[in-house]
Amino acid sequence: MTPSDRPPPVIRIDAGGGGMQVALAGDWTLQGLCPLPEDLRRELAVAPPEGTWNLAGVTRLDSFGAVLLWRHWGRRRPARLDLPEALAPVLARAEALPGGGLPAEPGYRFLDGTAQLGRAVHAALHHLLGFVALVGHILIGLGGLLRRRDQWPLREISANFYKVGVRAMPVTALVGFLIGVVMSYLSALQLRAFGADAFIVNILGLGIIRELGPVLVSVLVAGRSGSAMTAQLGVMRVTEEIDALTAMGISRHVRLVLPKVVALTLAMPLLTLWGSAVAILGGMVSAYVQLGMSFDYFLNALPRAVPAANLVIGLGKGAVFGLLIALVACYFGLRVRPNTESLSANTTASVVASITVVILVDAVFAIATRSIGLPYR
Amino acid sequence: MSTFPVELRGVSTRFGKQWIHRGIDLAVPAGEVVALVGGSGSGKTTLLRQMVGLLYPVEGEVKVFGERLDAGARHEQLARRRRFGMLFQHGALFSAFTVFANIAFPLREFGVRDEGLLRDLVLLKMAMVELEPDVALRMPAELSGGMVKRVALARALALEPELLVLDEPTAGLDPDLSSAFVELIRSLHRALGLTVILVTHDLDTLAALATRVAVLSAGRILAFGTLDEVTNVRDPFIDRFFHGARSQAALARGLGAG
């Protein structure tokens, strides 16, 4: 019963008395007709719809074959058609096809471009409003929690802290170490040319603790934990778990969003500290190999080169970035509509938006703290 | 030439340490509507998934159209898979595609390139499952439960299958819709000469649709035959399943509809 055992579709055209005679035989089915054999296509093309059609030899006809013939006949039944009783219902279904086809999709017009731009601006404002509303909901939830202290979602906070903080430590360490090694290696090559070897401590210490550490860890966390938060909330939305929570009278903002936001705000400074420390370790190892600078000297020079204010700025940035990443991730997670396309679009938007926001806010920090903690000005 | 589109021989399934099936033998004759029934957790859907090759049994073999699904070369396997269609319990429509694109998808994959022909074919399938052409451009998220099932059925029928596998075809539909859906499947079965295998909890559906019933209990096939034959088997599970007051009423309704 394999398809190859079935009789292939055949067409035979005879120019007999009283017009053309077209006789079909074999299986006129999807399996036999798609792709349409070249000789069959040529023969079908010359078979005149107004001739006499004899379908008596057809062993099987499915709706594919019926539609193919129907279209060839120009959506009309040929005047002279010899159709076996058994095949009649199949052809009748093709005949019942509406001629009008699908509702047409509107084409692209010049004004559509303008409308699209308008929609983009509108969407940006909409996002801004939605984001403010989310922050408002969280603050209202926090207000409620101040009065009922036993309702704090501490377990959720703790679980999220473990997930976004502790579990992120290995990858942060790996990336931080490598970045430290690379930065130190490149700087050492330049500094040695000027005989300014000792300044490697300043470059690494200031660069990593104040700037690179928080931003690097933020980008990692946005990609790792931010996308996970968005996807998790999105899937909960798809499976109606969020609706179930609402129906039980439990606030999604207190139970789902707040723990993530609090956990990431607390975890990020610690991750920043960890990431920066490992990056400096990497730099130190590289400086030892490249410049022969001892660990002792490096560690003694570090506090002199980098005032403590920089550490505060770095960790403060970490906390703010963590807060923003979690808020953006949750905002996009709650916007997911129940289909896969929306889930992927919002997860992408979440990661892109949180990295952009982190870099924007970092620039603001750079300007606001430009007179703090810089030794040589 | 096999007259059994689906044959199970000595199929045993195990999840972890728990045996779901022990030595199941079942041959589904061509042209029949076979209903698999059984209590919750008796592995009906698992058996169905084994028939379409989503799961493989620990022991025994599943033959579809006389061959194992994984037998032969890549293109032979593909050709075999294209001879059956499956309707999933929740429709499993591609949520990023419109209704039209969902139904056209298997045809495009099969190699239908002519857009005009494709449009006519999709409209024909939609007419077969009694969908209006104006739902063609809607997304699955905008459809009601009954419409999702119809679209999914149209997609399952797209490649003119010889075998239709239905997982809970009427679950989640209201009685009115579900009887309309049953009627639809029955008329398609009559018109296309399909072999149908379905899993159902719904005795109305069972009585109205099935020409054969396979009862699955405690990991084996308890009985296989027409509804009358099966209900006359003396067994505590069959007693509970078919002879309760609610069951009797449902069966009577279903037979009345049939």
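Predicted model: local features only at pLDDT ≥ 70, side-chain atom pairs only at ≥ 80, totals over all residues.
## An aromatic cluster in chain A

Ring pairs join Phe131(A), Tyr331(A) and Phe332(A) into a cluster. Across all chains, a search of the whole structure finds 10 aromatic pairs. One of them is formed by Phe131(A) and Tyr331(A), with an edge-to-face arrangement: the ring centres are 6.0 Å apart and the planes are at 75° to each other. The pair counts as edge-to-face because the angle between its planes, 75°, is over 60 degrees.

The two residues of this pair belong to separate helices. Phe131(A) is in helix H5 (residues 110-147) of chain A, while Tyr331(A) is in helix H12 (residues 308-335) of chain A, so the pair ties together parts that are 200 residues apart in sequence. Phe131(A) has 21% relative accessibility and therefore counts as partly exposed. Tyr331(A) has 8% relative accessibility, so this residue counts as buried.

## An aromatic pair in chain B

Chain B has an aromatic pair formed by Phe97(B) and Phe105(B). This pair is tilted, with 5.8 Å from centre to centre and 50° between the planes. Is Phe97(B) buried or partly exposed? At 31% relative accessibility, Phe97(B) counts as partly exposed. Phe105(B) is partly exposed too, its relative accessible area being 32%.

## Charges over rings

Aromatic rings in chain B also meet charged side chains. The ring of Phe65(B) has the charged end of Arg83(B) over it, 4.1 Å from the ring centre. At Phe94(B), the residue over the face of the ring is Arg155(B), at 4.5 Å from the ring centre.

## A salt bridge between the chains

Side chains of opposite charge can pair when their charged atoms come close. How many salt bridges are there over all chains? The count comes to 21.

Arg71(A) and Asp120(B) form one such salt bridge, and their closest N and O atoms are 2.8 Å apart. This pair crosses between chains: Arg71(A) is in helix H3 (residues 63-72) of chain A, and Asp120(B) is in helix H4 (residues 115-128) of chain B. Arg71(A) is partly exposed, at a relative accessible area of 28%. Asp120(B), by contrast, has 1% relative accessibility and so counts as buried.

## Salt bridges within chain B

Glu61(B) and Arg9(B) form a salt bridge in which the closest N and O atoms are 3.7 Å apart. The pair links distant parts of the chain, since Glu61(B) is in strand S4 (residues 59-64) of chain B and Arg9(B) is in strand S1 (residues 6-15) of chain B, 52 residues apart. Glu61(B) has a relative accessible area of 24% and is partly exposed. Arg9(B), at 41% relative accessibility, counts as partly exposed as well.

Another salt bridge brings together the side chains of Arg234(B) and Asp239(B), at 3.6 Å from N to O. Arg234(B) counts as exposed because its relative accessibility is 68%. Asp239(B) has a relative accessible area of 26% and is partly exposed. Which residues do salt bridges that share partners join into one network? They are Glu7(B), Arg9(B), Glu61(B), Lys63(B), Arg68(B) and Asp70(B).

Definitions and conventions
Residues numbered from 1 in each chain as written. Chains lettered and ligands numbered in written order. Heavy atoms only, no water. Phe/Tyr/Trp six-rings, centres within 6.5 Å; stacked < 30°, edge-to-face > 60°. Helix = DSSP H or I, 4+ residues; strand = E, 2+ residues; numbered from the N terminus. Buried < 20%, exposed > 50% of the residue type's maximum accessible area, 1.4 Å probe, protein only. Lys NZ or Arg CZ within 6 Å of the ring centre and 35° of its normal. Salt bridge = Lys/Arg side-chain N within 4 Å of Asp/Glu carboxyl O.
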